[in-house]
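Subject: Structure for you, with notes

Hello,

Here is the structure I promised to send over. My notes on it follow below.

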Amino acid sequence: MKINRILLLAAFTPFLFSCSEDVMDDINKEKNETTEMSADYIITDCGLKTAFETTGTDIAWYSSVYIEHSAGTWGQHASADTRTGQTSSSLMNNNWNSLYDVLKNLKFVLDKTDPINGTEPNNRWARGIAYVLTAYNLAVATDMWGEVPWTEALQGTVIMQPKYDKQSDIYPKIFAMLDSAIANLNLATTGLPSVDYIYGGTFANNKASWIRAANSLKARYWMRLSNRNTNAAANALAAINAGAFTSAAQEMKFAKYEKTATAENPWYQFLNDRTHLSVGKTLYDLMNDRNDPRIAFYFSLVGGVVVPAPNGTATQSQGGTYSQSLLTIKGATAPTPLMTYHELLFIKAEAEFRTSDPDWQTTLQDAVSAAFASKGLNQATADNYFTNEVTPRLTLGNELNEILTQKYIALYEHEAIEAYNDYRRTGIPAMHNPNNTTVGFVNRFPWALSEVSSNQNVPQTELDYIYTTKVWWAGGDELVP
């Protein structure tokens, strides 16, 4: 009997443990909360991260130094100015990883809202906005690095070493995404993200805003291809005419910063925490030569005057030696622009000039006026500046140079990424950092450390390729077959 009782207990014990584990697993389940986040919530977070991480930090700060809006006068940005350490794979590694994290989350939204296989097939507006933000982030990635993983990217453990795609193959995909965005935003939807960090309020009221943003971005990206597509300017104008921004109130920007230590504009935080940047002499000289009234709005004074830092040869200083950006000094809650109305008007003016449209000069004046208004200057001041300083420079053969110089000035400071793209595309205006000659101009960012150390498909390049090889749309050869 004793043996039988032991055998019975031995046989029954696994059942007891199994039952107990099942009960505990059931107890540990959250029964009152969803176990999966909806696309509406994910897309809201993607808008925030796109503005802050993709547009508002290191990519823009380094672009500002390379494009000579700013001079790097301390720390790693002094190194950027002197072209020291710019080939290091660790330089932009964090930004690469952040960019692909945002793209991964956007892919999750697109997968969830897939009309055939998704769990939210009728959430059309979330899908449309995801396409806009994917196009935007992917464009930043390929514009900065050139060839990047895309068709095999974001596959998790399925493809851990994705191939790198040609930029010439990526740009058609960007346009297709923006077309898909517009198509989805024009459909009925069952989902409505509750908070829109880009356009404010709720997504329910912002359908038209996102469609205008998609068309405006199409114009930007078509003009990016002016060296590669003979119809680029005409296509940019077509995108504008299809329904782009018609006022500054419609532009694409993040305007939700707060004057608290953890919620301020990242440019403002960077200035106060590190003070790496000073006013670049290249920018200041262009404005001073034109008696530009924005000087008083752009730059702080040192000893009662503007003291710009000579690009590439400045004395290292964390303030007090050179002037700094008043836009940032006063910009604790300044918005992060993803695309502005004045940028669109400059694109339109350039496109009209390239297609021999006689209205290009009127559009250029509108662009300058919009740029002045964005900094708080009135129409009369803008008109006086245009008449006395811009018009006399629109001489035969110099028109495009002045259009792009005015755009360069207008994009200071938080739109430095687009100024960097324009210079690489056109070579306008002239840069004056002597290290561009002795070392080289930085034509692209170095491959990220996380890729170099783990992806055998990273293009094999010489160490100095960032100086010697332009990205495809700027006229360079592509680095992958």
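Start with helix α5, residues 93-112. At 1.5 Å a residue, its 20 residues should span 28 Å, and the end C-alpha atoms lie 29 Å apart, which agrees. The expected span is 1.5 Å times one less than the number of residues. Helices (H or I, at least four residues) and strands (E, at least two) are DSSP runs, numbered from the N terminus.

Two notes on the source. This is a predicted model, with residues numbered from 1 along each chain as its sequence is written. Local features need pLDDT of at least 70, side-chain atom pairs count only at pLDDT 80 or more, totals for chains, interfaces and linings use all residues, and side-chain values use heavy atoms, with hydrogens and water left out.

Confidence

pLDDT is the predictor's confidence in each residue, from 0 to 100. The protein has a mean pLDDT of 92, and 93% of its residues reach 70 or more. Contact means heavy atoms within 4.5 Å. Where pLDDT is low, the predicted coordinates should not be read in detail.

Overall

The protein has 21 helices and six strands. Its C-alpha trace spans about 110 × 50 × 50 Å along the principal axes. Of the 481 residues, 54% are buried. Buried means under 20% relative accessible area, exposed over 50%, partly exposed in between (1.4 Å probe, protein chains only). Take contacts between residues at least 6 apart in sequence: 75% of them join residues at least 24 apart.

Helix α10 covers residues 266-273. Six of its eight residues are buried, so α10 is largely enclosed by the rest of the structure. Those buried are Pro 266, Trp 267, Tyr 268, Gln 269, Phe 270 and Leu 271. Their packing partners include α2 (39-55), α3 (58-66) and α4 (75-82). Asn 265 caps the N-terminal end of α10, with a side-chain oxygen 2.7 Å from the backbone nitrogen of Trp 267. Just after α10, Thr 275 takes a positive phi of about 55°.

Arg 224

Arg 224 lies in helix α8. Its relative accessibility is 2%, so Arg 224 counts as buried. The side chain of Arg 224 makes a polar contact of 2.9 Å with the side chain of Asp 143. Another polar contact, of 3.0 Å, joins the side chains of Arg 224 and Glu 418. A polar contact is a pair of N or O atoms within 3.5 Å; within protein, one must be able to donate a hydrogen and the other to accept it, and residues adjacent in sequence count only if both atoms are side-chain atoms.

Pocket and cavity

On a 1 Å grid over the protein atoms alone, a cavity is a set of points where a 1.4 Å probe fits but cannot get out; a pocket is an open set with protein on both sides within 12 Å along at least five of seven lines; lining residues have an atom within 4 Å of a point. Grid points are joined across faces, edges and corners, and a volume is the space filled by probe spheres set on the points.

The largest pocket has a volume of about 530 Å³. It is lined by 24 residues, with Leu 327, Ala 334, Pro 335, Ser 374 and Lys 375 nearest its centre. α15 gives the most to this pocket's lining, with three residues.

There are five cavities of 30 Å³ or more. The largest cavity has a volume of about 120 Å³. Its lining holds 18 residues, and Tyr 136, Arg 220, Leu 338, Ile 417 and Glu 418 are the closest to its centre. α6 supplies the largest share of that lining, four residues.

Backbone points

A cis peptide bond joins Tyr 412 and Glu 413, with omega about 5°. The bond from Ile 428 to Pro 429 is also cis, with omega near -5°. Glu 68 has a positive phi near 70°, and at 0% relative accessibility it counts as buried.

Best wishes
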